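Q: I'd like to learn how to read the features of a model like this one. Could you walk me through it, step by step?

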Amino acid sequence: MLTRRIVIGDVHGHYDGLMTLLGRIAPGANDQVYFLGDLIDRGPKSAQVVEFVKNSPYHCLRGNHEQLMLNALPEEGKNPQAWQAWLYSGGMTTITSYQDLGIIPRDHIHWMASLPLYFDLGDVWLVHAGVHPQMTIKEQNEAEFCWIRREFHNIPKPYFANKLIIIGHTITFTFDGIEPGQLVQGQGWLGIDTGVYHARSGWLTGFDITNKKVYQVNVLHNNQIRILSLNRAVVHLKPPSLLARLSYVRP
């Protein structure tokens with residue numbers, strides 16, 4: 001049986017939707033499953049999502065929301081400024097999800113800190129947010145890999161000549177002409193964060209790279225499932241204009 005490579009977009013605490021999605025994808029023992037980060041915040045069951053992925057055979061990247069939590073809860077104690085930034089970004093739902101335990105377990109925090117910032121799968125390169133077009137990979141860190149948006153989205157040509165970059169982080173319908181639930185493809189990259197937590201969407205997406213098949217569950221509509229070919233699910237962005245490209249050239 002052909003080994004599948006499956007990538008799952010930002011879960012944001014939606015454990016029940018994730019279980020429904022994985023139940024429909026039905027990964028086999030030889031399939032490789034990758035999470036793009038942002039397991040936590042905004043949704044109701046972040047603790048359960050982290051516990052599940054941490055103890056699964058699956059792979060996971062660090063997203064900006066995991067980074068926010070790590071900044072807020074360093075080893076030496078709570079960082080007040082970073083704590084407020086995390087709460088502002090949806091951290092309270094994560095804290096609430098851990099209330100049964102009374103504390104966020106240190107093994108969860110250590111696990112998040114150990115998560116890599118990207119995976120190189122040969123023909124596919126996975127990262128939470130993107131890459132900076134004017135920097136080498138070695139020059140970049142979590143500031144770019146977990147947070148970048150417009151500089152990467154406006155890239156005039158693929159960053160890699162022979163690799164597709166798959167990202168989460170930026171909800172696809174925030175791009176012009178993209179409807180909730182649709183994927184978005186730019187110059188050498190594919191965005192699969194369909195905004196599971198957002199009232200306009202509710203879609204959580206898993207992408208079977210091997211078979212070019214898109215699995216989606218809608219957490220706002222009784223965990224409705226749909227399965228689409230990549231061609232039906234994706235919208236291609238127009239190449240950025242020269243003005244947009246010049247606006248994001250690093251000085």
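Q: Which angle do the axes of helix α2 and helix α5 make where they cross?
A: For a helix pair, look at the distance between the axes and the angle at which they cross. In this predicted model, helix α2 (residues 46–54) and helix α5 (residues 106–114) have axes that come within 11 Å and cross at roughly 65°. The crossing of α2 past α5 is left-handed.

Q: Which residues make that contact between α2 and α5?
A: On the α2 side they are Ala47, Val50, Glu51, Val53 and Lys54. From α5 come Asp107, His108, Trp111 and Met112. Sorted by class, the residues of this contact are 5 nonpolar, 1 polar and 3 charged.

Q: How should I read the packing of helix α1 and α2: what are the angle and the axis distance?
A: The angle gives the pair its class, and the distance goes beside it. Helix α1 (residues 15–25) and α2 have axes 8 Å apart, at an angle of about 40°. Because of that angle, α1 is oblique to α2.

Q: Which residues meet there, in α1 and in α2?
A: Tyr15, Leu18, Met19 and Leu22 are the α1 residues, and they meet Gln48, Val49 and Phe52 of α2. The class count for the contact of α1 with α2 is 6 nonpolar, 1 polar and no charged residues.

Q: At what angle do helix α3 and α5 pack?
A: Helix α3 (residues 64–72) packs with α5 at about 125°, and the two axes are 10 Å apart. With that angle, α3 is oblique to α5. As for handedness, α3 passes α5 in a left-handed crossing.

Q: Which residues of α3 and α5 meet?
A: In α3, look for Glu66, Met69 and Leu70; they meet Ile109, Met112 and Ala113 in α5. This contact of α3 with α5 is made up of 5 nonpolar, no polar and 1 charged residues.

Q: Where does Tyr98 lie, and is Tyr98 buried or exposed?
A: To place a residue, start from the elements on either side, then check its accessibility. Tyr98 sits in the loop between α4 (80–97) and α5. Its relative accessible area is 2%, so Tyr98 is buried.

Q: What does Tyr98 touch, beyond residues up to four places away in sequence?
A: Its partners are Ala47, Val50, Ile103, Ile104, Pro105, His108 and Met112. For a separation across the model, take Tyr98 and Gly195: they are 97 residues apart along the chain, and their C-alpha atoms are separated by 23 Å.

Q: How far apart are Ile155 and Gln187, in sequence and in space?
A: Compare the two separations side by side. Ile155 and Gln187 have 32 residues of separation in sequence, and their C-alpha atoms are 6.5 Å apart. The location of Ile155 is the loop between α7 (150–153) and β6. Ile155 has a relative accessible area of 3%, so this residue is buried. Leaving out residues up to four places away in sequence, Ile155 touches Pro133, Gln187, Trp189 and Pro240.

Q: And Glu179: where is Glu179 found?
A: Glu179 belongs to the loop between β6 (164–167) and β7 (183–185). Its relative accessibility of 48% makes Glu179 partly exposed. Glu179 and Tyr58 are 121 residues apart along the chain, with 29 Å between their C-alpha atoms.

Q: What radius of gyration does the protein have?
A: The protein has 18 Å, which agrees with the value near 18 Å for a compact globule of 251 residues.

Notes
Residues are numbered from 1 along each chain as its sequence is written. This is a predicted model: local features need pLDDT of at least 70, side-chain atom pairs count only at pLDDT 80 or more; totals for chains, interfaces and linings use all residues. Side-chain values use heavy atoms; hydrogens and water are left out. Axes are lines fitted to C-alpha atoms, for helices over the stretch in contact, and angles run from 0 to 180 degrees between N-to-C directions. Helices (H or I, at least four residues) and strands (E, at least two) are DSSP runs, numbered from the N terminus. A crossing is left-handed if the near helix is turned anticlockwise from the far one by less than a right angle, and right-handed if clockwise. Contact means heavy atoms within 4.5 Å. Ala, Val, Leu, Ile, Met, Phe, Trp, Tyr, Cys and Pro count as nonpolar, Asp, Glu, Lys and Arg as charged, and the others, Gly among them, as polar. Angles under 35 degrees count as roughly parallel, over 145 as roughly antiparallel, 65 to 115 as roughly perpendicular and the rest as oblique. The radius of gyration is taken over C-alpha atoms; the globule rule is 2.2 Å times the number of residues to the power 0.38. Buried means under 20% relative accessible area, exposed over 50%, partly exposed in between (1.4 Å probe, protein chains only).
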